[in-house]
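Work through the exercises below with the model open. Try each task before reading its solution.

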Amino acid sequence: SLLQEGYKIALLLGMAAPLRYCRCGGVVAAWLKPVVSSQVRVRPRAFGTPAAGADSTSTSASSRAAVVLSAGVSAAALGGLSWMALQGQAGFTASPVEVDIKPISEEVFDTSDNLFVFFLDKAEELAERGEAMHQIIRSLVTEPSLKRVRFYHNVRKEGDPPAPDTADEEGNQAKLRVVMYKGQRKKVLKIGDELPKEEVLDFYSPLSEDLSKVKVPKAVPLVSHSNFGEDVVKASAQGRPMILLQMYEDTCFLCFLMRPFVNSLAELLQKSKAPFVIKRINIEKNDFPDDCPVARGTPTFVLFRGPTASPSKWEEFKPKDLCEKITQAFPSLSDDVLQRMDELQGQVSRRFQLFTQLVMWTIELQKLEALVASGDGSVPATPQSSEDSDFNAVVSQMMTKDMRRVDGMEENLAHLQKEVDEVEHDAALMGAMLAESVMRRENSEKEKLQKR
C-alpha cells in the first residue's frame, strides 16, 4: 500500500544516509508505524502455524507488513546510532549547541549554583572570542555530570581591577579566564588551546561531609549533601514534623555566637512536641544539595515541608528576629515555649560579652608572657597590622574550639564564665611576676650606681 511504500522510504533514509538524514528517516518511520499497524491486522497464531480463520493472502500480507515494520525500525535505529557515534567521534552533540552566554548579575549569583563564568576585560571580547567560548561550552555540555552547570560572562567595569595577564611567554593571545562556582567553593581557570576537562569535572563533583566522626547534639542532627534527600526532603513529608534547616559555616561569627542558642531552642521545641524540628548543614563542607536553596550568607534558615512543597527561605537570621519568625509561622506554640524562647535569645548577648572578655584577657595574658620572657620587661614595638593579626588569630582559634562543643546556652555561659575567671587569674599572676622582674632590675641598677 501507499503507507507501506512511505515506510520503506523512511527505511531507506535511515539506512542510506545516517549522517544527514537518519533523524528525518527515524521520525518518519516512527510516525508511520502506528498508521501501518492500524491498517494491517496481524492475528495471533502459534509459532509456525497460521491462525484459525486466516487465509494465505492475509497471512502473507501480515508477515510482509511485520517484516517491513521491523526492518524499518531497525534501520532507523541503526542509522541513528551510526550518526550519534560518528558525531561523538567528531566531538559534537546530536544537535548544534547554541548557548546564550548571558551576563552574570548579583541576583543570579545569589540564587543560583553551578556557575561557569567567563571574565572579560572589554565588551568587544564577546564577539572576538565568542567562538572559543562556545567551543568550550560544546565540549562541556556533553558531560552528564555537568547538566546543571550554567554559563555566564562578566565584563570588567570601570574601577574594577583588571584581570591578570594570561598571555603566554611568546606574547600570544591571552588565555580565557574562567571562574567556576559550586556551593561556597570557587576556582579560577585559565584556558588556552586545551580545555582541562578533568579539572572541570573534578571541581563540579559534589562535596559531602563525612558525618561518621562528627560529634553533634542530639536535638540538632547534622545532615550532609549525600543524605539530604532522605533526612530533610523526605523526612519533612506530610504527616511528619517539618524541618527548619540552619545553613551555617564554621568561620561565620554569628553562626558561632548562635550555636548554643540553636541547640537549646531545638531541645525546647522537641520537648514541647512542636510541629517542626531543627537540623543543620555545614555549607563549608557540603555543596548545596538538590532541592535546597542557595545561600551566600550565613546563618540562613530554610523551612522544608516535604517533597511536594517548595522550601521557604527565611530572611531572619538574628536570634530575636528568628524567634519572632517562629512565633508568626507557628502560632500554636504555647506561651511557656514563647517565653522560654525569649529568655534564650536574650542570653546570646551575655554570651557575646563573656566571649569578648575571654578574647581580651587572653591577648593581655600573651603580652604579659612576652614581657616576662624578655627578661627586662620590654618587648619590641609591633605595628598595628601585627596586633590586628594577633587579635584575629585568637578569635579564630577560640571560635574553632567552641564550634566543636555541643552544649546549650546555660551550660555554655557557665563554661565561658569559668574560662574568663581562669585567664583573668593567670593574667594577674603574670602581672605580679612582671612587677617582681621590674623591681629586681631597678634594684640591680641602683646597686650599680651606688658602686660608682
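**Exercise 1.** Which residues in α9 meet which residues in α10?

Solution. This is a predicted model. Start on the α9 side: Met258, Phe261 and Leu265 make the contact. They meet Pro319, Leu322, Cys323 and Ile326 in α10. Now sort the contact by class: 7 residues are nonpolar, with no polar and no charged residues.

**Exercise 2.** Describe how α9 and α10 pack.

Solution. Two packed helices are described by the angle between their axes and the distance between the axes. Locate the helices: α9 spans residues 253–271 and α10 spans residues 319–329. Take the angle, which is about 25 degrees. Take the distance: the axes lie 11 Å apart. Angles under 35 degrees count as roughly parallel, so α9 is roughly parallel to α10. Last, the hand: α9 and α10 make a right-handed crossing.

**Exercise 3.** Find the buried residues of α6 and the elements they pack against.

Solution. Helix α6 covers residues 130–140. Apply the cut-off: buried means under 20% relative accessible area. The buried residues of α6 are Gly130, Met133, His134, Ile136, Ile137, Arg138 and Leu140. Next, list their partners. Among the strands are β2 (115–120), β3 (150–155), β4 (176–182) and β5 (185–191). Helices α5 (125–128) and α7 (197–203) also pack against the buried residues of α6.

Notes: Residues are numbered from 1 along each chain as its sequence is written. This is a predicted model: local features need pLDDT of at least 70, side-chain atom pairs count only at pLDDT 80 or more; totals for chains, interfaces and linings use all residues. Side-chain values use heavy atoms; hydrogens and water are left out. Axes are lines fitted to C-alpha atoms, for helices over the stretch in contact, and angles run from 0 to 180 degrees between N-to-C directions. Helices (H or I, at least four residues) and strands (E, at least two) are DSSP runs, numbered from the N terminus. Angles under 35 degrees count as roughly parallel, over 145 as roughly antiparallel, 65 to 115 as roughly perpendicular and the rest as oblique. A crossing is left-handed if the near helix is turned anticlockwise from the far one by less than a right angle, and right-handed if clockwise. Contact means heavy atoms within 4.5 Å. Ala, Val, Leu, Ile, Met, Phe, Trp, Tyr, Cys and Pro count as nonpolar, Asp, Glu, Lys and Arg as charged, and the others, Gly among them, as polar. Buried means under 20% relative accessible area, exposed over 50%, partly exposed in between (1.4 Å probe, protein chains only).
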